[in-house]
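Please look at the sequence and the three-dimensional structure below.

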Amino acid sequence: MGKKVGVWIDSERAYIISLFDDRHVMETVESNVETRVRYEGETKSYSGRGGSTVNPSKKKTKRRKHQMDTYLMSVVDKLGSAEGIYIFGPAECKLELQKCLIKRKDKPSVYMDKAERMTERQMVAKVRDYFNQ
């Protein structure tokens with residue numbers, strides 16, 4: 001198998017661990033995804049504009065989706081020509097990353113697993129263990 005890469009991902013950041021014979025390289029990709037946007041004067045889930053109320057949830061959802069797509073594409077770009085990709089993390093973000101990888105022309109082998117918050121050493125050990133099986 002060619003290049004082996006592990007990715008720990010959530011909506012705030014992704015750690016990309018590239019494995020070589022006896023060493024590894026770790027890169028971090030920070031996201032700019034806004035978790036909660038508040039407009040000035042907003043007190044409830046809807047906003048008051050003059051004499052009417054407006055529910056800005058569609059606008060917020062579209063902006064968050066666009067930010068998430070940009071973030072995931074930057075992670076995919078960092079993966080390069082990896083043939084084996086091991087994705088793990090706590091949230092739904094890993095499923096979205098898998099969808100982005102399926103759209104690629106070279107169709108890498110993608111493996112997924114659940115994982116909570118980990119230290120960098122734990123991440124590297126988990127990726128090494130997975131690819132050494």
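**From one bridge to the whole chain**

Within β6, Gly84 is the bridge partner of Lys4. The model is a predicted one, in which local features need pLDDT of at least 70 and side-chain atom pairs count only at pLDDT 80 or more, while totals for chains, interfaces and linings use all residues. Residues are numbered from 1 along each chain as its sequence is written, and side-chain values use heavy atoms, with hydrogens and water left out.

A second bridge between these strands links Val5 to its partner Ile85 in β6. Strand β1 (residues 4–9) and strand β6 (residues 84–89) pair in the parallel sense, over five bridges. Here two strands are said to pair if DSSP finds at least two bridges between them. Helices (H or I, at least four residues) and strands (E, at least two) are DSSP runs, numbered from the N terminus. In general, strands of a sheet pair through backbone hydrogen bonds, either parallel or antiparallel.

Strand β1 also pairs with strand β2 (residues 13–19), in the antiparallel sense and over six bridges. One example is Gly6, whose bridge partner in β2 is Ile17. The two strands β1 and β2 form a hairpin, with three residues between them.

On the β7 side, six bridges join β6 to β7, and these two strands run parallel. Ile87 stands opposite Met112 of β7. The order of the whole open sheet is β3-β2-β1-β6-β7, five strands with mixed pairing. Because β3 (24–30) and β7 (109–114) each have a single partner strand, they stand at the edges, and one side of each is left without a neighbour in the sheet. Neighbouring strands of this sheet are turned against each other by 20 degrees on average, direction ignored; the axes are lines fitted to C-alpha atoms, for helices over the stretch in contact, and angles run from 0 to 180 degrees between N-to-C directions.

How many residues of β6 are buried? Six of its six residues are buried, where buried means under 20% relative accessible area, exposed over 50% and partly exposed in between (1.4 Å probe, protein chains only). In a regular strand the side chains alternate between the two faces of the sheet. In β6 both faces are covered, with Gly84, Tyr86 and Phe88 buried on one side and Ile85, Ile87 and Gly89 buried on the other. Strand β1 is mostly covered as well, with five of its six residues buried.

Glu83 lies in the loop between α1 and β6. Glu83 counts as partly exposed because its relative accessibility is 43%. Between Glu83 and Val110 the C-alpha to C-alpha distance is 8.4 Å, although they are 27 residues apart in sequence.

The protein chain as a whole has three helices and seven strands, and along the sequence they follow the pattern β-β-β-β-β-α-β-α-β-α. Of the 133 residues in the protein chain, 36% are buried. Among contacts with a separation of 6 or more, 62% are between residues 24 or more positions apart, a contact meaning heavy atoms within 4.5 Å.
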